[in-house]
Amino acid sequence: MSPGDIWYLIIGNPVLNVLIALSHLLGGNFGLAIIVLTVIVRLITWPLNKRQLKSTKALQDMQPKLQELQKKYGKNQQKLQQEMMKLYKEAGVNPLGCLWPMLVQFPIWIALYQAIMRALATTPENLLDLAQRLYSWNIVSQAIPLNSQFLWLDLGSRGDFFLAIIVGGTMWVQQKMTQAPAIDPRQASTNNMMLLMMPLMFGFLTLMFPSGLALYWAVSNIIGIITQYFVTGGWGYLKFRSPFPSSSAKGK
Amino acid sequence: MFLVVIALLPLILVSCTGTAQPKGGWSGPTVHDGVIYVGTTDGRVVAINSSTQSEQWTHTITSIIYTTPIVAGNLVYVGTYSGQVYALTIDRGTERWVYPRTGSMGAIVGSPVIADETIYISSSDGRVYALDTTYGDLKWKSDPLGERLKLWTSPAVVGDTLYVSTFDGHIYALSAETGELLDWFFESEAGFASSPVIDADTIYVGSFDHHLYAIGIGSNISSMWKFPQENPAGNWFWASPIVNEGIVYAGCLDGKLYAISAETGEELWQFESTDAQGKATPIVSSPVLMDNLLIIANESGNVYVINPETGEGEQIKNPENDNKPTINAQIRTPLCAHEGLVYIRGEDNQLYGVDIEKGELSWNISLTREE
């Protein structure tokens, strides 16, 4: 059995068939099926997400201690790093932990992309290939072919600008909620770059890939924001600065 | 590092699945007066002398071609994935007309059919078009047969009625004269995968539910039978079946060719086709009958000659290596049988001539244009 066969057996084909079966159960609505699948994926990855959210909360709580370390060892970067790592270790926190849930979702993105392309059978080759990947469930055979329309989107075609803004915007909010202000200026600069680059990149990917995949990203981000809000108890590091001067400055 | 992975995401996704673009099309060959006409994977229609295998002419369309050329009078017709129908002269391949002149009528996947100087085309815009064969004038176009429904199957014409199978599980009857929808229709829970074939007032059509349906035309709109009668087959009946002397021969994507009684729907025999490793392999192309022999090809490139009465068959050997498939390429295009030879266009853009009497590959030529 080739690695490709194993991939389809374990991830690719199950995602495809579940998606098609969901679509049939939801009255032939493929968009709703993607949303429900997203919820299922978030539930499956919940233990990992929960750990990450707890790490985020712990990082937030550690900020005063980290600032103290910055004051104490600010001139000795090596020592500062050592002390910070020690503190992280004691608190059982992994500052890069937020990346893992995203990395875990990579195979799901690939499987979902494949499933959307195949399930919507945008070309005759896709339709023929689909035949080899479907389970012999009645619910699946009765669902073919699928309706690619959902709201204003054709789920098999590239996402539009509006969807790109939703994907990029929700990603920015989710990241901003979790990203603790870095003590190290270099780290701060990297964080700021990530905070901008990731939403921009996913917004760009939305314009390149079927909107069904972007719908998954958008819904996944929104679920992430909601769970983060309730688990960490608020908007985290997402602070809205008032554009108006503070009252103390008024008299000057 | 993470940004690099994200940046590579498009590449990863596309390499895992491929793009949404169709590849080379599935245009099969057709023979007329000793000349083979076939669409190539690089978007051309070529005419090849069947005796000398020399190219007589080539006409570049620059579109993917899924339809098999059809000859009527002194013109050869072909529909393209870019949504145009071309009429070319059979002697030189000169363009006589193209419809529509500008724009597109929607991707054409099902091969057109011709009856009474009219060419009927199913389109991905969900409509059926009727064009005059001589001038390419539009006679009529039907209303869309469903909401956002692509028509990828060929229509079947009987008398003054056109029958069209759809992916949403309908068979519609249209007036061949006006394109109006007639009262008769058939509805199934699952969509229809194959084009309808009509024989003795019965429509035979394959479905996504792993069954082949026989449906009476006219007053009897109920299903006469569906095959298999108990457990469904291993996959879709994608290729159109053929009917001969009361027996329906249907290739299935589960790799089997089924012989079914046209009257009762009972299985008479089945023949399993395999790849070089002995694994059942989908039959995408419709079988053909020649000199009282059935010829089938499966996707792996194996070609079989089968006794239509007993179902006993033999694989035609690869001339270079007995352990390889008959031809070294996938077969998804319709086969064409003519005077002892079966013509096959492989996915490698080569045209193969298989001598059925000798049971061997007679010749093959490349259809790829030399730069």
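Modeller: A crossing is left-handed if the near helix is turned anticlockwise from the far one by less than a right angle, and right-handed if clockwise. Please keep in mind that we are looking at a predicted model.

Colleague: Thanks! Which hand does the crossing of α1(A) and α2(A) have?

Modeller: α1(A) passes α2(A) in a right-handed crossing, which means that the near helix is turned clockwise from the far one.

Colleague: And why are α1(A) and α2(A) called oblique to each other?

Modeller: Their axes are 8 Å apart, at an angle of about 125°. Roughly perpendicular ends at 115 degrees and roughly antiparallel needs over 145, so an angle between those limits counts as oblique. That is why α1(A) and α2(A) are oblique.

Colleague: Which residues meet there, and of what class?

Modeller: From α1(A) come V15(A), V18(A), L19(A), L22(A) and S23(A), and they meet F30(A), A33(A), I34(A), V36(A), L37(A) and I40(A) of α2(A). By class, 10 are nonpolar, one is polar and none is charged.

Colleague: What makes α2(A) oblique to α10(A) as well?

Modeller: The axes of α2(A) and α10(A) come within 9 Å and cross at roughly 45°. Roughly parallel asks for under 35 degrees and roughly perpendicular starts at 65, so an angle in between is oblique. Hence α2(A) and α10(A) are oblique to each other. α2(A) passes α10(A) in a right-handed crossing. Among the residues in contact are G31(A), I34(A) and R42(A) of α2(A), with Y216(A), V219(A) and T227(A) of α10(A). The classes are eight nonpolar, six polar and one charged.

Colleague: How do you know that α8(A) is roughly parallel to α10(A)?

Modeller: Their axes cross at roughly 30°, coming within 9 Å. The cut-off is under 35 degrees, so the pair α8(A) and α10(A) counts as roughly parallel. Here α8(A) passes α10(A) in a left-handed crossing. This contact includes L163(A) and M177(A) of α8(A), together with W217(A) and Y229(A) of α10(A). It divides into 12 nonpolar, seven polar and no charged residues.

Colleague: W172(A) is found in helix α8 of chain A too. Why is W172(A) called partly exposed?

Modeller: W172(A) has 31% relative accessibility. Buried needs under 20% and exposed over 50%, so a value in between is partly exposed. W172(A) touches L195(A), P199(A) and L238(A), leaving aside residues up to four places away in sequence.

Colleague: What makes α6(A) mostly covered?

Modeller: Eight of the eight residues of α6(A) are buried. They include E125(A) and D129(A), as well as L127(A) and L130(A).

Colleague: Which residues have the most contacts inside the largest nonpolar core?

Modeller: They are I20(A), F30(A), L127(A), W217(A) and W236(B), in a core of 65 residues. The elements of chain A giving two or more residues to this core include α1, α2, α6, α8 and α10. The largest share, 10 residues, comes from α5(A).

Colleague: What does W236(B) touch?

Modeller: Not counting residues up to four places away in sequence, W236(B) touches, among others, L127(A), L130(A) and I144(A) of chain A, and F208(B) and L253(B) of chain B. Apart from this core lies another, of 17 residues, including M290(B), A329(B), I331(B) and V342(B).

Definitions and conventions
Residues numbered from 1 in each chain as written. Chains lettered and ligands numbered in written order. Predicted model: local features only at pLDDT ≥ 70, side-chain atom pairs only at ≥ 80, totals over all residues. Heavy atoms only, no water. Core = buried A, V, L, I, M, F, W, Y, C linked by side-chain atoms within 4.5 Å. Buried < 20%, exposed > 50% of the residue type's maximum accessible area, 1.4 Å probe, protein only. Helix = DSSP H or I, 4+ residues; strand = E, 2+ residues; numbered from the N terminus. Contact = heavy atoms within 4.5 Å. Axes fitted to C-alpha atoms, helices over the stretch in contact; angles between N-to-C directions. Nonpolar A, V, L, I, M, F, W, Y, C, P; charged D, E, K, R; others polar.
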